[in-house]
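Below is a short note for a colleague on a few local features. The points can be read beside the model.

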Amino acid sequence: MKLNLHALKYGGIAHYDWEMELLGEREGCLIAEGAPGRSLKHHTKGQTFTVPHASLEVYALEEGFTVSFDIADGEVVSIYCNVSQPCVRSGEEVSFVDLDLDLLWNEREGWHVVDEDEFEDNRSRLGYPDELTRFAQRSLRDLQERAHQGKFPFDGSLEAEIRRIASGTPKLNV
């Protein structure tokens, strides 16, 4: 089943849209596959991008995160985690409010947090309520703990799906 993903900024501002293939649901999360060459419409930048790599993505329905295992050249090349409000699903539509803070992993830098400055700017500019600010900060800490302690989705339980996707990924010419 196709899923249409909609990332929003606080206040319902369209941020970006893309399409995924739903693989299933577990531990309160939707699990989906992104094909290489899919389009990502970035409303904030006013552009549509082609995503060159495949991905296995996790959308938390009860907690404050999304995770994308970016797969190229037969392996996970990066992990991109959004701190967000819990995802909301209505049939084939899934949306979430991106709260700016991101936790990333790559081989060169390991785990690191980015966009803390964007969070502070949007917190002021978009008027994040104090409870939302605390939720975002708590969600980031929880996500970091999951990653460092090897809890789902970082526990290896998605490895078979990652290997299946990786086996069909073309080499990227970067």
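1. Basis. This is a predicted model, in which local features need pLDDT of at least 70 and side-chain atom pairs count only at pLDDT 80 or more, while totals for chains, interfaces and linings use all residues. Residues are numbered from 1 along each chain as its sequence is written, and side-chain values use heavy atoms, with hydrogens and water left out.

2. Cysteines. The structure has zero disulfides, a disulfide being a pair of cysteine sulfur atoms within 2.5 Å. Cys-81 is in none, and its nearest cysteine sulfur, in Cys-29, is 11 Å away. For Cys-87 the closest cysteine sulfur is also that of Cys-29, at 8.2 Å, which is too far for a bond. Cys-81 is buried at 0% relative accessibility, and Cys-87 is buried at 4% (buried is under 20% relative accessible area, exposed over 50%, partly exposed in between, with a 1.4 Å probe and protein chains only).

3. Largest pocket. Its volume is about 690 Å³, taken as the space filled by probe spheres set on grid points joined across faces, edges and corners. A pocket is an open set of points on a 1 Å grid over the protein atoms alone, where a 1.4 Å probe fits, with protein on both sides within 12 Å along at least five of seven lines; lining residues have an atom within 4 Å of a point. There are 33 lining residues, and Tyr-16, Leu-40, His-42, Tyr-80 and Asn-82 are the closest to the centre.

4. Lining. Strand 10 gives the most, with seven residues; strands are DSSP runs (E, at least two residues), numbered from the N terminus. Among the others that supply at least two residues each are strand 2 (13–26) and strand 8 (75–84). The lining divides into 13 nonpolar, ten polar and ten charged residues.

5. Ser-68. This residue lies in strand 7 and is buried, at 10% relative accessible area. Its side chain makes polar contacts (N or O atoms within 3.5 Å, one able to donate a hydrogen and the other to accept it) with the side chains of Glu-57 at 3.4 Å and Asp-70 at 2.7 Å.

6. Asp-100. Which side chain makes a polar contact with the side chain of Asp-100? That of Asn-122, at 2.9 Å. Asp-100 is in strand 10 and is buried at 1% relative accessibility. Its C-alpha is 9.6 Å from that of Asp-121, which is 21 residues away in sequence.

Methods. Helices (H or I, at least four residues) and strands (E, at least two) are DSSP runs, numbered from the N terminus. Ala, Val, Leu, Ile, Met, Phe, Trp, Tyr, Cys and Pro count as nonpolar, Asp, Glu, Lys and Arg as charged, and the others, Gly among them, as polar.
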